[in-house]
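Thanks, everyone; I would like to take a few minutes on ring pairs and on one helix contact. Please have the model open while I talk.

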Amino acid sequence: MRIPDIYDRTVKNYSAYLKLERGLSDHTVTAYGEDIGKLLRHLSSENIRLEDADISVLQDFSASLHDIGISPRTQARIISGIKSFFAYLKSESIIDANPSLLLETPNIGRHLPEVLSTEEIDSILDAIDLTEAEGQRNRAIIETMYGCGLRVSELINLEISRIYAEEEYLVVTGKGNRQRMIPMSRQSIREIEAYLPQRALLDIKHGEENIVFLNRRGRRLTRQMIFYIITRNAALAGIKKAISPHTLRHSFATHLLEGGANLRAIQQMLGHESISTTEIYLHLDTSHLRTEILTHHPRNMRE
């Protein structure tokens with residue numbers, strides 16, 4: 001898939017800069033171009049202009065690299081290229097500020113970002129002020145993201161008609177336009193049902209009538225707003241971990257695995273095309289597995 005036409009000149013100028021001013025080889029310039037192309041296609045698919053990409057957008061892009069099975073080492077290389085590209089954009093006054101300065105490079109020895117405990121997730125939910133106009137909406141958002149393991153794009157485009165409360169499942173359209181069914185917890189259903197009467201009072205804009213989560217102007221939420229909602233309430237709850245919306249998805253999968261869920265079932269609920277992408281969650285479960293071995297293996301059982 002090629003780079004969107006609107007960025008064609010920008011990428012060509014950047015490639016010329018790498019070759020002529022930084023003296024990089026043709027092979028390296030091509031590799032940088034391919035990595036930048038991944039970001040630009042991601043922005044285009046989310047209808048985000050390059051000039052509007054902030055740290056939350058870049059963090060979500062970084063998380064999406066993991067989601068499609070790209071290794072941590074390759075992720076680190078891509079992020080390095082992204083940082084170089086944004087430094088160039090700033091030097092050419094194409095952007096006013098460089099958001100990539102705050103973007104962390106993945107730790108090569110680490111497979112996943114932070115995982116929240118169930119107690120920490122409860123504390124985030126408890127930190128939400130229900131007297132605020134968007135309080136119940138925000139509770140429903142966090143409960144649904146964690147309870148169903150949704151991607152941000154899946155949450156902001158979630159449709160009322162695709163929620164089957166009586167049967168306790170919902171349907172989302174994920175990557176590659178693939179649809180999947182996901183079981184819903186009763187708690188997430190209750191939170192959404194408590195929010196819907198407030199939603200009905202909004203002046204809902206044309207085309208947004210079927211979208212579940214709306215802002216006060218009656219439009220669907222942005223990825224940046226979801227990032228803000230989660231990080232703000234995590235801070236209010238006193239959580240010091242570096243988290244993002246993707247953290248709830250990782251926590252969902254990790255807690256399922258720790259609870260004994262089948263890896264194939266987790267794969268289907270997350271919408272991973274390859275089981276190898278889901279298998280990396282095994283690396284997070286080593287402490288649980290160690291406890292199981294020490295407790296149940298006959299060589300470790302005391303008389």
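How many aromatic pairs does a search of the whole structure find? The search finds seven, where rings of Phe, Tyr and Trp (its six-membered ring) pair if their centres lie within 6.5 Å, with planes under 30 degrees apart counted as stacked, over 60 as edge-to-face and the rest as tilted. This is a predicted model, so local features need pLDDT of at least 70 and side-chain atom pairs count only at pLDDT 80 or more, while totals for chains, interfaces and linings use all residues. Residues are numbered from 1 along each chain as its sequence is written, and side-chain values use heavy atoms, with hydrogens and water left out.

One of the pairs is Tyr14 with Phe85, whose ring centres are 5.0 Å apart and whose planes are at 70 degrees, so this pair is edge-to-face. Tyr14 sits in helix α1 (residues 8-20) and Phe85 in helix α4 (residues 72-91), 71 residues apart, helices being DSSP runs of H or I with at least four residues, numbered from the N terminus. Tyr14 and Phe85 are both buried, that is, under 20% relative accessible area with a 1.4 Å probe and protein chains only. Together with Tyr17, Phe86 and Tyr88, these two residues form one aromatic cluster.

Turning to the helix contact, Arg249, Phe252, Ala253, Leu256 and Leu257 in α10 meet Leu263, Ile266, Met269 and Leu270 in α11, contact meaning heavy atoms within 4.5 Å. Eight of these residues are nonpolar, none is polar and one is charged, where Ala, Val, Leu, Ile, Met, Phe, Trp, Tyr, Cys and Pro count as nonpolar, Asp, Glu, Lys and Arg as charged, and the others, Gly among them, as polar.

Conventions
Helix = DSSP H or I, 4+ residues; strand = E, 2+ residues; numbered from the N terminus. Buried < 20%, exposed > 50% of the residue type's maximum accessible area, 1.4 Å probe, protein only.
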